[in-house]
Amino acid sequence: MSRTFTVSAFALIASMSAANAQTDIQWWHAMGGELGAKLEEIVQGFNDSQDEYNVIPSYKGTYPETMTAAIAAFRAKEQPAIVQVFEVGTGTMMAAEGAIVPVYQLMQDNDVQFDQNAFLPAVVGYYTDTDGNMLSMPFNSSTPILYYNKDVFEKAGLDPEQPPKTWGEMEQFSKQIMESGAASCGFTTGWVSWIQTENFSAWHNQPIGTEQNGFGGLEARLTVNGPAQVKHWGNMKKWADEGVFKYGGPVGGDNAPPMFYSQECAMIMNSSASRAGVIANATDFELGYGMLPYYDDVEGAPQNSIIGGATLWVLSGRPDEEYAGAAKFFEYLSSPEVQADWHQFSGYLPITQAAYDLGKEQNYYSENPGSEVGLQQITLNEPTENSKGLRFGNYVQIRGVIDEEFEQLLNGSKDAQGALDSVVERGNKLIEEFQAQNQ
Amino acid sequence: MKRTIFNNQLLPWLLLAPQLAITFIFFLWPAGQAIKQSFLREDAFGINSSFVGLANFRALLDSPEYMNSLQVTAVFAVLVTALSMGLSLLLAVAVDRMIRSTRLYTTLLVWPYAVAPAVAGILWWFIFNPTIGVMPYVLNVIGYDWNHISSKTDAMILVVVASAWKQISYNFLFFVAGLQAVPASLREAAAIDGAGPVRRFFDITFPLLSPTTFFLLVVNIVYAMFDTFGVIDATTEGGPAQATNIMVYKVYFDGFVGQNIGSSAAQSVVLMLLVVTLTVIQFRWVEKKVEY
C-alpha cells in the first residue's frame, strides 16, 4: 500500500516536472468557426513537432475585440506573447514602440534562420518599416476579387467565360443583365472602404495619402479625394440610383453576400478568402471568378491590388524563453507545407514564394478554379508607393468615416467630391489626434 | 416608520460594508478613472501620457459628430419612452378590464422581458433584414421600400421599435399593478355620475396612476440612454452615417474599437453629468405634479 503510494507520488512529480519543463506561449487570435479549428490543428502540429514549447491558442472574438483585449491586457501587464491584429490596426501597433518586439529582431535575437526575401513582397510590404524590416508575421492575408454568376451571364446573352475587365464593361454587362431580366441588379460589394476606396486607389496607382500612403511617418495625411476616386464614387452613386449597384452595408457589407447567393445581384466584389464560403452558398448556379475591374482611361491601371487580413504581433514584457519559442513557432508557421496547407484550406494568400510554388506543384490552382486570381492580382506588377499598402493611425475609425460618407453620398446629402473631401477632412483630424497621442 | 437604534457604532458600518465595497469597486472607482482619463491624452498602450486639461472636452464641442450624437440620443430616448409607455399603458388598461384571462395575458406579455437585449437585436435584425427579412417583404407588397442600411429614418424606426418592444413588458407589469391600486369605488362613482370610459380614464385613473407613470418615465429614459447598447450593436451599429449613434454607443465605439481613450472618457463624463442633471430635473420639477 505504502509502496504504491510512493510510486504513484513519484510518477506524479515526474509528470509535473515534465509539464513544467515546457514553456507555455499564449496566442490570442480572432479566428472563429472552421478557421479556428484549422488554426488549432496547426498549433497542435507545432506542439507535437517538439517538446520544449507549448503554444496555447485562445479565441478572443472579432478583430477589434482581440486587439482591444490585448491592449487592455498589456496595460494590466497580463499580455499574451503573440496576438493577431488586423491590417488596419498596424498603425497603432507600429507606433507603440515600447509595447512590441519586431519580428525581424525576434528572429535575430533567438538565432532563428529568417530570410525575408522568401516572402511575397506584396504581402510583407504592408508590414515592414521604412528600412524594409518585417515588423509582424503575416498570418492570414487576402485581397478582393470579383465573383460572378455564370448562369445569369448566359441567360443575359453574355459570354459566361468573360467577366467584365473594366468598369465600362461592368456597367454595360449589368445593364444587359437587368434588361434581359436575368437578375434584378448588376453587382454589389463587400467592404466599401477596403475594396472601393483603398484597393481602388492602389489598383489605379493613385495615392491614398502623403508620405507613401503613411509608410513614411506620422506626419502623413489622407489625399484620397483625387479625381479617379471622385469619378468612381460618383459612378457608384449613379449606379445605385439606377439599381445597377446595391449597397450591402457598412464595414464588411454583411448584406452583400446574400444578394449574390439569392441571385438578386449577378456579381459581387469580396475578399479572396471568402471563396470557400461563396462556393458553399452558391449551390444553385455556376460560379466564375475575375480580377477587380478598372477604368481604362486612368493611366497606370491596373497596377496591383493590396491585401487585408491580419498578422501576428509579438508583445514585449514576457520572459525570454517565450520569445525563443515564438521565434521557433513563426519558423514553423512560415514553412512551405504549413503555409500551403493553411492557404489552400482557408483561401488566404500564401505568404512565401515557396508555398505558392508548392501549390503549383500540387496542381492545386488548376484543380481549383478561382483560387489563383487573388495571387495573380497582387503580383500583377511590382508594388509602387501607391500600391504597397497604407498605414495611418486611428484607421479603424477612419474606415468608419469612409462608410459614413459613402452612405451620405448614397442618400443624396453629398456629392462624390463633397463626400470624399469630408473623408479627408475628418480622417485627417483623427490622424492628427493619433500623431499627438504618440509624440 | 420603524427605527432601529444601534448601540454599537461599528455594527451599522459593518452591515453596510458589502454594499459600500460594491459601490466603490464597481461605480466610484471606474467613474474616477473615467474622470482622470478625460483629462489625459494617451496612446492605446498607455506608454505616452500627457495632461491636456479640457482639450478632450473642447474637441467634443467642436465635433459635429458629437453634436449629432446628442441630437440622435434625444430623439431616440423620447421616441422609445413614448412608444413603450404608451403601448404598455394601453395593454395594461386592456388587461385590467379582463376578468378571467388576466393571468394568462400578463404572463405572455411579460415574456419579452426575459430576452437579452443582444438576442432581441438579432431577432429584429432578421425580421427587418432588407434581403432576407420578413418585414421588408411585406412592406414591399404595400409599396414601401424598406432599407435601414441606407435610410436614416428606417434605421431609427428599427432601433426605436426594437428597444421599445423590449421595455413594454416591464412597463406593463408596473401599470397593471398601478391600475389594480386604483379604487374601483371612484370609477364606479364617476360612472354613476355619467362619465364615459374615456372620461373616467383621463379624470380618475390616469391621475391616480401618476406615481407609477413618473417612476416609469425615469426608468425608461435611463433605459433608452444606457441599456439599449445591445440592440444598437446587434442591428445598426450606429449607422447609417451615424443616424443611430447614440451617446453610449459612441463611447463604446471610440474607446473600445477606436482606442481613443481620452475622448471616450470625456464622453462618458458628459454622459454622467447629463444623467445626473436629468434625474435632478425630474425629481425637482416633474415630481411636484405627481399625486401620491
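First, the conventions. This is a predicted model, in which local features need pLDDT of at least 70 and side-chain atom pairs count only at pLDDT 80 or more, while totals for chains, interfaces and linings use all residues. Residues are numbered from 1 along each chain as its sequence is written, and chains are lettered from A and ligands numbered from 1 in the order in which they are written.

Let us begin with chain A. It is divided into domain 1, residues 19-142 + 307-367, and domain 2, residues 144-305 + 393-437; such bounds come from an automatic or database domain assignment. The C-alpha centres of these two domains of chain A lie 29 Å apart. Where they meet, 13 residues of domain 1 of chain A are in contact with 16 residues of domain 2 of chain A, contact meaning that the C-beta atoms, placed from the backbone, lie within 7 Å. On the domain 1 side, helix H4 (residues 90-95) of chain A gives the largest share, three residues. Helices here are DSSP runs of H or I of at least four residues, and strands are E runs of at least two, numbered from the N terminus. By class, that side of domain 1 has five nonpolar, eight polar and no charged residues. Nonpolar covers Ala, Val, Leu, Ile, Met, Phe, Trp, Tyr, Cys and Pro; charged covers Asp, Glu, Lys and Arg; the others, Gly among them, are polar.

What lies between the two domains of chain A? A nonpolar core is a set of buried Ala, Val, Leu, Ile, Met, Phe, Trp, Tyr and Cys residues joined through C-beta atoms within 7 Å, and buried means that 20 or more other C-beta atoms lie within 10 Å of a residue's own. The largest such core has 134 residues, and those touching the most other members include A:Val123 and A:Cys265. Helix H19 of chain A gives the most to this core, eight residues. Both domains of chain A give residues to this core, so it lies between them. A:Val123 itself touches A:Pro138, A:Ser141, A:Ile307, A:Leu349 and A:Ile351, leaving aside residues up to four places away in sequence.

Next, helix H15 (residues 336-346) of chain A. Its buried residues are A:Gln339, A:Ala340, A:Trp342 and A:His343. Seen down the axis of H15(A), they fall within an arc of 165°, so they line one face of the helix; the arc is that of the directions from the helix axis to the C-beta atoms. These buried residues pack against helix H2 (33-49) and helix H16 (353-361) of chain A.

We now turn to the contact between the chains. It takes 29 residues from chain A and 25 residues from chain B. On the chain A side, the largest share, six residues, comes from H19(A). The residues of that side divide into 13 nonpolar, twelve polar and four charged.

Finally, chain B. An unreviewed UniProt entry places the feature "domain: ABC transmembrane type-1" at residues 70-282 of chain B; UniProt positions follow the numbering used here, feature names are shortened, and annotations may be inferred rather than shown by experiment. Over residues 70-282 chain B is 77% helix and 0% strand, with the end C-alpha atoms 19 Å apart.

Note on methods: Contact = placed C-beta atoms within 7 Å. Buried ≥ 20, exposed ≤ 12 C-beta atoms within 10 Å, placed from the backbone.
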